[in-house]
Amino acid sequence: MFALGAVSLVTDISSEMVTAVLPLYLTLSLGLSPLQFGLLDGLSFGVTALVRLAGGNLADRWQRRKLIAGIGYGLSALCKPALPAAGGSVVALGAVIAVDRIGKGLRTAPRDALISLSAPAGELGQAFGVHRAMDTVGALLGPLVAFAVLTGTGGAYDAVFVVSFCVAVLGVLLLVMYVRDRRTPLSVPRPATSSRAALGLLRDAAFRRVCVVAAVLGLVTVGDAFVYLLLQRRGGIDAVYFPLLSIGTAAVYLLLAVPVGRLADRLGRAPVFLAGHVALVAAYLVLLGPGWLVAVLVLHGTFYAATDGVLMAVAGPMLPEHLRTSGLALLQTGQATTRLLSSVLFGAVWTMYGSTQGLAVMAAGLAACVLGAWFAMRRYM
């Protein structure tokens, strides 16, 4: 768990360096419209949806979770220096982002399955909380490094991408050297791990309900990049400070990930998961109203602390060990697919009617879906 946390920490420094500057790089430097940016942002979710199931199934079938995760980390690393090479071509940028998201789609479910298989069932919330806390240290440091590089180079985005690549390579090396795989011994009979068997997990009513709830809530969740763009534009924040906005979210996430994970183990993971979405509704309302920067970032970070690892802890015990990776990939696929639709929808409404109207629609939709999710999941609370 700690070795995977270290890999995620370093990898997140690399990925968050790019994530922190990409919205402004695309919209300000390259001049993309909100709709074009929404399409690219949605692509990042959609591509992961296409490969999560395949990656999860291969990891379970071959019992090579570390290998599949390593391929995913490697692909994402190679995409960092390709971003400046793509220039202003939306097609080329989309291709690079697609390959990067393929890497993320391949690695996420095997990584979470390794965590799930290495921790006692009663401590899964805490285990994922510890991992997400280490992961968030990287998310906290990444924007700081990006800000330092931009400041030191006079706003050279290319330099950010190159440094990000070097850090990503270090993350791959840590995975290779220190992470141990979790494999079923050859002497133990292995049940079938076909794609049909993985999809058969949806016959379980409890797991199916969790998948549906996660997907529906994803459909009315505004992407992080849009949240930061709204904060930057409404607050008149200078472009050079834009990478620092995500630090607020990451800092709150870091502080709350472990205690919220422990709270979920004690009080129930489903209620904590839904409470996180209530915090997100509150963040949208503050952004629509006074737009207080600190309040929005605190609520945004609370949302991630209460949902990201907690959702995996909710679903993990519902799944058999031999299909743990495939099941988590199935859950993440539904969520990623609806997040794709969410980004495109929000980008389109922003372009046609304005950001305020778009955010109001999403806030109302999220509030309604949280209420519906409570009725759907209350038997598991």
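The model is predicted: local features need pLDDT of at least 70, side-chain atom pairs count only at pLDDT 80 or more, and totals for chains, interfaces and linings use all residues. Residues are numbered from 1 along each chain as its sequence is written, and side-chain values use heavy atoms, with hydrogens and water left out.

**Exercise 1.** Find which element of the protein chain has the lowest mean pLDDT.

*Solution.* Start with the chain: its mean pLDDT (the predictor's confidence in each residue, from 0 to 100) is 86, and 93% of its residues reach 70 or more. Next, go through the elements: helix α8 (residues 195-199) is lowest with a mean of 69, while helix α12 (residues 269-288) is highest with 95. Finally, a word on reading: where pLDDT is low, the predicted coordinates should not be read in detail.

**Exercise 2.** Work out where the buried residues of α7 lie around its axis.

*Solution.* First, list them: Tyr157, Val160, Phe161, Ser164, Val167, Ala168, Gly171, Leu174 and Leu175 are buried (under 20% relative accessible area; exposed is over 50%, partly exposed in between, with a 1.4 Å probe and protein chains only). They cover an arc of only 130° around the axis, so they sit on the same side of α7. Last, the cover over the buried residues includes α1, α3, α4 and α6.

**Exercise 3.** Decide whether Tyr304 is buried or exposed, and name its contacts.

*Solution.* Locate Tyr304 in helix α13 (residues 293-315). Its relative accessibility is 15%, so Tyr304 counts as buried. Then set aside neighbours within four places in sequence: Tyr304 is in contact (heavy atoms within 4.5 Å) with Asp224, Thr249, Tyr253 and Arg339.

Note on methods: Helices (H or I, at least four residues) and strands (E, at least two) are DSSP runs, numbered from the N terminus. The arc is that of the directions from the helix axis to the C-beta atoms.
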